[in-house]
Amino acid sequence: MTDLAVRRRRRALTPGQWIGRAFVAVVLLAFAAFFILPIIWLLLAPTKTNSELLLSGPFAFGSFEQLAANWNELFAFGSGVFAVWLGNSAFYSFTALAITLIVSIPAGYALALIEFKGRRILLVTTLIVMLIPNTALVLPIFLELSAARLIGSPLAVILPFSFFPFGVYLTYIYFSTAVSRDLLNAARIDGAGEFRVFAQVAMPLATPVIALVGFFSFVANWNNYFLPFLVVGGQKIPVQVGLANLLSNVPAFNPTTASSIVIQLPTLALATLLSVAPILLIFLFAQRFLVEGMTAGGTKE
């Protein structure tokens, strides 16, 4: 028997193995269809009229002219208030993101590499707070903001968004496992102070975890609905709260709507796509750093 025949025989699968692989393939295809088909429908929905969306094939393409018409209808709603909502979300999310990075990265570094009194208590407290559901914190946060007379101001959204204990924990894990202590000690021996060691040695090495913390923080801020719904109103609401306002003007979801401006389903689908587009764009540009950040702490020095 030739070597080629031996290799082919080894690669031959038994009937049981064929059945197992076929079952796995069917399950994977079912899950892919379950998640991908709704996304395809959502991408095609803004290209149709309301009647086409309800009567034509679910995956049929409408027209670019109707896409432009739905775009104009969306940004004409409330004298262009949708663009204001997008701007509010960007302002709240990026401002809170900057504060989160300024606080979380040094905090994680200190918890991982600096011995000080109360360090273990702070770390345990961070872990406990990280495990508390965000919805359970809304009421005490609302009461605190009310006592500080911040309800209705941008700070009522930005300050709670900036509170991100998960970012502190991620940074702590990264500096504990992926940064060489010998390298930091060498910088200290050369006369660098602790702030200089952090800024010029540790920070450049922490680019992956900074990107990871930044991405998770931005996604959480951008998608947050409950807290902004409670603490701001009017022209100050972010796009996630604005989508609920749009939904109340869609007759299919609210038959009793008395608004003079009616939003159709294709326009609502377009608003949904635009509300998730910033997260998708940031993920596409930052995915290399995100993967590095997720795997950097997987091994210990």
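1. The model is predicted, so local features need pLDDT of at least 70 and side-chain atom pairs count only at pLDDT 80 or more, while totals for chains, interfaces and linings use all residues. Residues are numbered from 1 along each chain as its sequence is written, and side-chain values use heavy atoms, with hydrogens and water left out.

2. Helix α5 spans residues 81–113 and helix α10 spans residues 181–189. Helices are DSSP runs of H or I with at least four residues, numbered from the N terminus. The two pack at an angle of about 95 degrees, with their axes 13 Å apart. Axes are lines fitted to C-alpha atoms over the stretch in contact, and angles run from 0 to 180 degrees between N-to-C directions. The angle makes α5 roughly perpendicular to α10 (65 to 115 degrees).

3. On the α5 side, the contact (heavy atoms within 4.5 Å) is made by Tyr 109, Ala 112 and Leu 113. Arg 181, Leu 184 and Arg 188 supply the α10 side. Of these residues, 4 are nonpolar, none is polar and 2 are charged. Here Ala, Val, Leu, Ile, Met, Phe, Trp, Tyr, Cys and Pro count as nonpolar, Asp, Glu, Lys and Arg as charged, and the others, Gly among them, as polar.

4. Ser 79 sits in the loop between α4 (64–76) and α5. Its phi is positive, about 60 degrees, although Ser 79 is not a glycine. Ser 79 counts as exposed because its relative accessibility is 77% (exposed means over 50% relative accessible area, with a 1.4 Å probe and protein chains only).

5. Arg 149 also is not a glycine, yet has a positive phi of about 60 degrees. The loop between α7 (134–147) and α8 (155–162) holds Arg 149. With 80% relative accessibility, Arg 149 counts as exposed.

Key. Parallel < 35°, antiparallel > 145°, perpendicular 65-115°, else oblique. Buried < 20%, exposed > 50% of the residue type's maximum accessible area, 1.4 Å probe, protein only.
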